[in-house]
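The following report sets out the secondary structure elements of one chain and the way they are arranged. Please consult the sequence and the structure alongside the text.

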Amino acid sequence: MSRKVRIAQLSCGPEYSGVQKEIYDAAESVGAEVFFPDIMLADVERAVEGFGLDVRSADLKLMIARGMALVDGKVDADGVFIGTCFRCAEAAIVRNELRRYIPEHSKLPVVSYSFTERTTAGTLLTRMEALTTIARRRALLAREEQSGITMGVDSGSSTTKAVVMKITRSSAPDGTRRPR
Amino acid sequence: MAKVFIYPATSLILSDLVARFGHKPLGAALGIRERIQTAGIDSPPLQITPEEPKRGLKYAAVEVPSGVRGRMAIYGPLIEEAEAAVIVTEADLAFGCMGCARTDELILFSLRQSGIPILELKYPTNDEEGVQFVAAIKKFLDNLSNGGEA
């Protein structure tokens, strides 16, 4: 049996939304375990200052500090799950900035999601599966050097995104289209 | 003995001060204890299920984030029960951390709207302010014992 994939959870609100167990269940069903990176209290304010995003909510400050601890290698993880409440503007900013920051400064795969109290383990399953697959099959999926032309399309519920890669250079000038 | 809502609701120091001066502190520990002492492990770690954000609809509209409504399901009934409140603003994270700034705003608004006697203090930053801070809380709580409005 293969080792469990360790997913670091950076979140604000899942316990109070009643969906923390759904996150645990989704991770469990794809052979992963979710954990919260341990950091010191002093690291929180220092990290927020270093990150440069001045947020009011303490849980969001904690998310930033945990994200920076992962990037700095203070905490070991195979992947990162970022989750915040749907409709929270402050959280959406932090979620998206961490979503950008972590892959730019480390090789950790990241999945982010905004939940409501209706979010179930089934909803989270595809995200968790993608995260664990990337973590497990990194060597196969990662392409440092790319030759020829490759196109990727992601068609979701509200938008369709496309990217064309030609010899390690990407081109997606206006690749996002709303489906008719 | 009056029921005194404390803010930050997670502050053990504030909870201890209120209890020490003869009143019942209403804070996070009370709301969470009620849930985690219930048998079963439906929704660890806080035993808050998706039902809580729905109960929170009494205190916040449906378009408010679920985390705020879930928190209000804990703090809302305590605010309704409170006969007085001690509010400490600009507190250090170690003094008591509530997590969500939007919930904090709603809690403070609800307390101010409730019409109960409220003591609002800034978190002390040095020894002298610390002494004045404790003295102000003592005076407020003593007045509550005497039936006054502080």
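A residue is counted as buried if 20 or more other C-beta atoms lie within 10 Å of its own, the C-beta atoms being placed from the backbone. The model discussed here is a predicted one. By that criterion, the buried residues of α6(A) are Leu124(A), Met128(A), Leu131(A) and Thr132(A). Their cover includes β1, α2 (20-29), β2, β3 and β4 of chain A.

Helix α6 of chain A comprises residues 121-136, 16 residues in total. From its first C-alpha to its last it reaches 21 Å, close to the 22 Å expected at 1.5 Å a residue.

## The parallel sheet

Four strands of chain A form an open sheet with parallel pairing, in the order β2-β1-β3-β4.

Helix α5 (residues 89-105) of chain A lies across β1, β3 and β4 of chain A, and its direction is at about 170 degrees to β3(A).

## Helix α3 and its two sides

In helix α3 (residues 41-51) of chain A, the buried residues are Val44(A), Ala47(A) and Val48(A). Seen down the axis of α3(A), these residues fall within an arc of 100 degrees, and therefore line one face of the helix. Ala42(A) and Glu49(A), on the other side of α3(A), are exposed.

The cover over the buried residues of α3(A) includes α4 (58-71) of chain A. After α3(A) comes Gly52(A), with a positive phi near 90 degrees.

## The β5-β6 hairpin

Strand β5 (residues 149-155) of chain A pairs with strand β6 (residues 160-166) of chain A in the antiparallel sense, over seven bridges. The two strands, β5(A) and β6(A), are joined by a hairpin through four residues. Across this pairing, Met151(A) stands opposite Val164(A) in β6(A).

How values were computed
Residues numbered from 1 in each chain as written. Chains lettered and ligands numbered in written order. Predicted model: local features only at pLDDT ≥ 70, side-chain atom pairs only at ≥ 80, totals over all residues. Buried ≥ 20, exposed ≤ 12 C-beta atoms within 10 Å, placed from the backbone. Arc of directions from axis to C-beta. Contact = placed C-beta atoms within 7 Å. Pairing = 2+ DSSP bridges. Axes fitted to C-alpha atoms, helices over the stretch in contact; angles between N-to-C directions. Expected span 1.5 Å × (residues − 1).
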